[in-house]
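Notebook open. I am going through the fold piece by piece and writing down what I look up.

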Amino acid sequence: MKTAVVLAAGESRRLGRPKQLLKMGGETLIQSAIRKANLSGIDEAVVVTGAFAESVRESIRSEDCRVLHNPDWAEGIGSSIRCAAQHLKAHANPVESVLFLLCDQPFVPSSHLRALVEAITKHPATIAATRYPDGGKGIPACFPAAYLEELASLNGSVGAKKLILEKQSLFLPHDSVAIDIDTEADVRAHLPQAET
């Protein structure tokens, strides 16, 4: 089973309101992320909630996804990755790969997510991650099942970047990841439309 995990547990401290629920092109950022995940060639989408859990859950109740609450969301992004990995390790169906994406990168198209998923199919021992325009590397990223154990023991505040940089990884560039939504200025500048 190929799974996508939408990380949506943050408290949007710099924005001051839930970025998951910001509207763009008639849908919220969390709805957009779920839709794109489901277009990426995966079998199942999982959303990890934390802050604003009830509001986020209510906003996606008609979406094709499973919702997983991270009680340790305040620790940071690593805790949400850890929460999802622990859940997937206990999944009834064996997990082949897991794609992690954020809901605050609204210009990442489903075609890039699909390319990451397909890269794992072709190179099953390799992490497929995104190369940012500034040379940085990170999420969206797809991990083969062999990394679930390490993902399930991540430190809360660190995330998966260390794994991405230290393990055998291939990097697919995409300019869209240069834009994320963190502040009101970002909202004003970047939220008219995004590629599907």
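**Entry 1: His112.** I started with His112, which counts as buried at 5% relative accessibility. For this I took buried as under 20% relative accessible area, exposed as over 50% and partly exposed as in between, with a 1.4 Å probe and protein chains only. The model is predicted, so I kept to its limits: local features need pLDDT of at least 70, side-chain atom pairs count only at pLDDT 80 or more, and totals for chains, interfaces and linings use all residues. Residues are numbered from 1 along each chain as its sequence is written, and side-chain values use heavy atoms, with hydrogens and water left out.

His112 sits in helix α4. Helices here are DSSP runs of H or I with at least four residues, strands are runs of E with at least two, and both are numbered from the N terminus. I then asked which residues His112 touches, not counting those up to four places away in sequence. They are Thr130, Leu172, Pro173 and His174. Contact means heavy atoms within 4.5 Å. I also checked His112 against Ala4, 108 residues apart along the chain. Their C-alpha atoms are separated by 13 Å.

**Entry 2: helix α4.** I compared its length with the expected span, 1.5 Å times one less than the number of residues. With 13 residues, α4 reaches 18 Å from first C-alpha to last, close to the 18 Å expected. Its buried residues are Ser110, His112, Leu113, Leu116, Val117, Ala119 and Ile120. These pack against β1, α1, β6, β7, β8 and β9.

**Entry 3: the sheet.** I traced an open sheet of 7 strands in the order β5-β4-β1-β6-β8-β7-β9, with mixed pairing. Two strands pair if DSSP finds at least two bridges between them. Which strands are at the edges? They are β5 and β9 (169-173), and each pairs on one side only. The twist averages 25 degrees from one strand to the next. Axes for such angles are lines fitted to C-alpha atoms, for helices over the stretch in contact; angles run from 0 to 180 degrees between N-to-C directions.

Next I looked at β7 (residues 127-131), which runs parallel to β9 and is joined to it by 5 bridges. Thr130 has Leu172 as its bridge partner in β9. Both residues are also on the contact list of His112. Helix α1 (residues 29-38) lies across β1, β4 and β6, running at about 165 degrees to β1.

**Entry 4: strand β1.** I counted 7 of the 7 residues of β1 as buried, so the strand is largely enclosed by the rest of the structure. In a regular strand the side chains alternate between the two faces of the sheet. Here one side carries Lys2, Ala4, Val6 and Ala8, the other Thr3, Val5 and Leu7, and all are buried. β1 runs parallel to β6, with 6 bridges. Lys2 stands opposite Ser97 in β6. β1 also runs parallel to β4, again with 6 bridges. Leu7 pairs with Val48 there.

**Entry 5: helix α3 and Ser80.** The 13 residues of α3 (residues 77-89) should span 18 Å at 1.5 Å a residue; the end C-alpha atoms are 19 Å apart, which agrees. Its buried residues include Ser79, Ile81, Cys83 and Leu88. The buried set packs against β1, β4, β5, β6, β8 and α5 (148-151). Ser80 belongs to this helix and is buried, with a relative accessible area of 4%. Beyond neighbours within four places in sequence, Ser80 contacts Leu7, Ala9, Val48 and Asn70.

**Entry 6: aromatic rings.** I paired rings of Phe, Tyr and Trp (its six-membered ring) if their centres lie within 6.5 Å; planes under 30 degrees apart count as stacked, over 60 as edge-to-face and the rest as tilted. By this rule I get 2 aromatic pairs. Phe100 and Phe143 are edge-to-face, 5.9 Å centre to centre with 75 degrees between the planes. They link distant parts of the chain, 43 residues apart: Phe100 in β6 (residues 97-102), Phe143 in β8 (residues 137-144). Phe143 and Tyr147 are also edge-to-face, at 6.4 Å and 70 degrees. Phe100 and Phe143 are buried, and Tyr147 is buried too. Ring pairs link Phe100, Phe143 and Tyr147 into a cluster.
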